[in-house]
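Me: I would like to go through this model with you, starting with terms and then moving to the fold. Could you take the questions as they come?

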Amino acid sequence: MAIYKSGKLTSNERLYFSLWSSKFFNTISFSAKSKILTQGQQLSDAYFVVKGDMLAIQGNQVERIGPGSVLGLAEGLSGLPYNKTILCMTPVQARVIPLHKVDGILPKLPPLMRQIIQTTVKRTLNLTAQK
């Protein structure tokens with residue numbers, strides 16, 4: 001906690017620790033070789049990865065992902081199916097982001113914050129038109 005309060009962390013590190021310690025999220029564990037998400041799946045939860053190594057598979061493309069990754073948030077907020085399959089290479093610990101709670105919070109945000117979130121989601125998903 002001392003390093004968090006020191007002001008020496010980058011904005012990404014501060015975001016990581018804020019999400020990791022949030023009382024808003026529950027923790028979930030996945031065993032090695034398990035599947036977290038499947039391409040085409042509709043989402044009710046997104047995940048903030050705390051530890052572990054995974055593979056994200058989309059067609060012929062495979063990428064390694066790990067701690068700090070956020071899985072399914074942009075798609076879930078947009079009502080789109082998830083576009084990758086996520087497989088655990090090692091045991092994975094993640095924080096669950098219940099999308100129904102996020103949906104309940106969004107209308108209460110100031111309009112500027114809603115626009116920032118909408119723009120971020122569109123950029124993440126390479127969308128040009130509002131869905």
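Reply: First, a definition: a residue is buried under 20% relative accessible area, exposed over 50%, and partly exposed in between, with a 1.4 Å probe and protein chains only. Helices (H or I, at least four residues) and strands (E, at least two) are DSSP runs, numbered from the N terminus.

Me: Which strand is mostly covered?
Reply: Strand 3, residues 45–51, is mostly covered, with five of its seven residues buried. For the chain of 131 residues, 33% count as buried.

Me: What should I know about the source of the model?
Reply: The model is predicted: local features need pLDDT of at least 70, side-chain atom pairs count only at pLDDT 80 or more, and totals for chains, interfaces and linings use all residues. Residues are numbered from 1 along each chain as its sequence is written, and side-chain values use heavy atoms, with hydrogens and water left out.

Me: How many helices and strands does the chain have?
Reply: There are five helices and eight strands in the chain. Along the sequence their pattern is α-α-β-β-β-β-β-β-α-β-β-α-α.

Me: Back to strand 3. Which strands does strand 3 run antiparallel to?
Reply: Strand 3 is joined to strand 8 by six antiparallel bridges, and to strand 6 by two, also antiparallel. Two strands are taken as paired if DSSP finds at least two bridges between them. Within these pairings, Tyr 47 has Val 96 of strand 8 as its bridge partner, and Phe 48 stands opposite Val 70 in strand 6.

Me: What is the strand order in that sheet?
Reply: It is an open sheet of four strands in the order 1-8-3-6, with antiparallel pairing. Strand 1 (26–30) and strand 6 are at the edges with a single partner strand each, so one side of each has no neighbour in the sheet.

Me: How many bridges join strand 1 to strand 8?
Reply: Five bridges join strand 1 to strand 8 (residues 92–98), and the two run antiparallel. The bridge partner of Asn 26 in strand 8 is Val 96.

Me: How many bridges does strand 7 form with strand 2 and with strand 4?
Reply: Strand 7 (residues 85–88) pairs with strand 2 over two bridges, in the antiparallel sense. With strand 4 (residues 54–58), strand 7 pairs over four bridges, again antiparallel. Leu 87 of strand 7 is the bridge partner of Lys 35, and Ile 86 of strand 7 is that of Ala 56.

Me: Leu 55, buried or exposed?
Reply: Leu 55, in strand 4, is buried, with a relative accessible area of 18%. Leu 55 and Ile 65 are ten residues apart in sequence and 6.0 Å apart in space, C-alpha to C-alpha.

Me: And Lys 33, where is it found?
Reply: Lys 33 is in the loop between strand 1 and strand 2, and counts as exposed at 79% relative accessibility. The phi of Lys 33 is positive, near 70°. Most residues other than glycine have a negative phi.

Me: Changing topic, which helix gives the most to the lining of the largest pocket?
Reply: Helix 5 gives the most, with seven residues. A pocket is an open set of points on a 1 Å grid over the protein atoms alone, where a 1.4 Å probe fits, with protein on both sides within 12 Å along at least five of seven lines; lining residues have an atom within 4 Å of a point. The lining of the largest pocket has 31 residues, with Val 70, Leu 73, Ala 74, Leu 77 and Val 121 nearest its centre.

Me: What follows helix 5?
Reply: Helix 5 is followed by Asn 126, whose phi is positive, near 55°.
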